[in-house]
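Please read each one with the coordinates open.

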Amino acid sequence: MLSKKTKTFFFSSLLLSSTFFSQAHNVSEGYQKPTDPLVVQNLENWQDLKFGLFMHWGTYSQWGIVESWSLCPEDESWTQRKPEHGKSYNEYVKNYENLQTTFNPAQFNPQRWADATKKAGMKYVVFTTKHHDGFAMFDTQQSDYKITSSETPFSKNPKADVTKEIFNTFRNEGFKIGAYFSKPDWHSDDYWWPYFPPKDRNVNYDPKKYPERWENFKKFTFNQLNEITSNYGKIDILWLDGGWVRPFKTIDPKVEWQRTIKVEQDIDMDKIGTMARKNQPGIIIVDRTVPGKWENYVTPEQAVPESVISIPWESCITMGDSFSYVPNDNYKSSQKIIETLIKIISRGGNYLMNIAPGPNGDYDALVYERLKEISGWMEKNQSAVFATRAIAPYHEGNFYYTQSKDGKTVNIFHLDEKINYQAPSALSFTIPENFKPKSLKVLGVKNKIKWEKSGNSIEIKLPEERFQLKYTTVIQISE
């Protein structure tokens with residue numbers, strides 16, 4: 001990712017039909033609706049999925065630090081380096097890159113991940129095939145800085161190509177497959193040229209002054225993305241991070257982090273996107289924060305917009321505090337995760353929740369506990385979550401709304417953001433305009449519910465069975 005918990009998070013630069021992200025980020029015009037019918041259909045199907053799994057994993061998990069960013073010489077909190085890992089910057093980089101020689105996640109078992117996340121309702125996965133540090137978690141032929149290199153102990157394992165194993169396993173369980181890939185590569189001599197010291201996250205030379213070097217980097221990036229989209233089965237989403245690698249003309253000077261981009265870094269997305277669509281017809285391409293034809297949906301990070309957004313979007317949010325593995329991370333409660341999911345889907349988005357495997361190749365035990373708790377809620381309430389869309393009034397007080405795609409069913413979620421949710425004996429809520437309910441039920445309650453409609457509102461009485469409800473009360477009304 002572009003951040004850690006302490007970073008100021010940013011959103012894509014675009015105009016959202018006069019609806020703006022509530023956080024303090026500038027927006028500009030730019031979203032272009034795809035015209036390829038296969039992409040349009042894939043986006044529609046993706047919007048049905050609602051809940052996805054994000055995974056940041058690499059050699060950095062051995063140190064329990066933020067992914068990649070400690071290599072970046074920026075004066076920011078997430079780039080801090082521990083003295084025991086190197087007294088000088090150059091020593092630190094050498095020791096960081098030497099983590100390749102000890103990376104051996106022997107407990108790697110993607111089937112366990114797929115089983116647990118599928119039960120929790122997750123329906124697509126986005127895996128970090130390569131982060132900004134340049135270490136490839138796939139069998140690239142463009143570099144030896146990879147998990148399948150003989151320098152990496154795990155290369156002797158039959159499951160060494162973890163990207164292949166993850167994609168095949170999750171695909172077999174019915175998940176849609178997404179490949180995260182970092183456009184910048186801080187290990188590449190053609191991005192951070194050793195002739196100059198790196199100054200920040202950006203390329204450390206002027207590509208216009210040294211066009212051959214930049215052209216080599218473009219070819220390297222193209223070839224790696226060609227490998228991913230050619231050699232790893234069906235891929236539904238290409239999730240490109242590192243939005244500072246972009247045409248200079250697309251920079252929005254009102255966005256603080258974009259003002260740090262001083263040189264042209266055009267990676268030729270038209271060539272990349274055309275190749276990816278040839279290899280994977282209909283693939284969704286997410287060129288994060290670069291408005292235009294290759295940003296098919298937008299990606300608010302570590303936050304939920306406060307109002308409905310009329311274009312495809314996805315909040316990527318960590319289960320813990322960090323995108324990467326940190327020992328004893330502060331994992332969110334199941335109630336908080338479910339509340340976040342409800343808020344996101346009521347505003348028309350998807351929730352991509354990040355879980356970071358550790359250096360042993362498995363999740364923390366607390367992760368499995370959370371997933372099991374979420375599974376219990378999903379078993380009863382999934383019909384109000386998946387294949388739904390936003391509907392006015394979207395959110396009123398403690399009530400959040402979704403509707404079925406055919407418009408015949410409306411779901412009302414009642415939240416109470418206290419430590420332990422307790423359903424009240426009675427609830428009164430607004431119903432969408434012109435909706436004429438003929439039946440009503442509370443998911444997870446077998447007893448018949450007493451309800452009364454008055455004008456544009458409904459009042460319901462909940463039986464003693466309500467005490468069995470966890471995290472939320474979900475009311476489903478149908479015409």
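**Notes on the predicted model**

1. P393 sits in the loop between β8 (388-389) and β9 (395-396); helices (H or I, at least four residues) and strands (E, at least two) are DSSP runs numbered from the N terminus. The peptide bond joining A392 and P393 is cis, with omega about 10°. Most peptide bonds are trans.

2. This is a predicted model, in which local features need pLDDT of at least 70 and side-chain atom pairs count only at pLDDT 80 or more, while totals for chains, interfaces and linings use all residues. Residues are numbered from 1 along each chain as its sequence is written, and side-chain values use heavy atoms, leaving out hydrogens and water.

3. The protein contains eight helices and 16 strands. Its radius of gyration (taken over C-alpha atoms) is 23 Å, close to the 23 Å that the globule rule gives for 479 residues, so the protein is as compact as a globular protein of that length. The globule rule is 2.2 Å times the number of residues to the power 0.38, and it too refers to the radius of gyration over C-alpha atoms. Along its principal axes, the C-alpha trace spans about 75 × 45 × 40 Å.

4. Of the 479 residues, 59% are buried, that is, under 20% relative accessible area (1.4 Å probe, protein chains only). Among contacts (heavy atoms within 4.5 Å) with a separation of 6 or more, 70% are between residues 24 or more positions apart.

5. Most residues other than glycine have a negative phi. K50 lies in the loop between α1 (37-49) and β1 (51-55) and is buried, at 1% relative accessible area. Y471 is in the loop between β15 (457-461) and β16 (473-478) and is likewise buried, at 9%.

6. I166 belongs to helix α4 (residues 162-172) and is buried, with a relative accessible area of 0%. Leaving aside residues up to four places away in sequence, I166 touches M55, F108, P110, W113 and F127.

7. Q302 is located in the loop between β5 (284-287) and β6 (314-318). At 18% relative accessibility, Q302 counts as buried. Its side chain makes a polar contact with the side chain of T318 at 3.0 Å. A polar contact is a pair of N or O atoms within 3.5 Å; within protein, one must be able to donate a hydrogen and the other to accept it, and residues adjacent in sequence count only if both atoms are side-chain atoms.

Definitions and conventions
Buried < 20%, exposed > 50% of the residue type's maximum accessible area, 1.4 Å probe, protein only.
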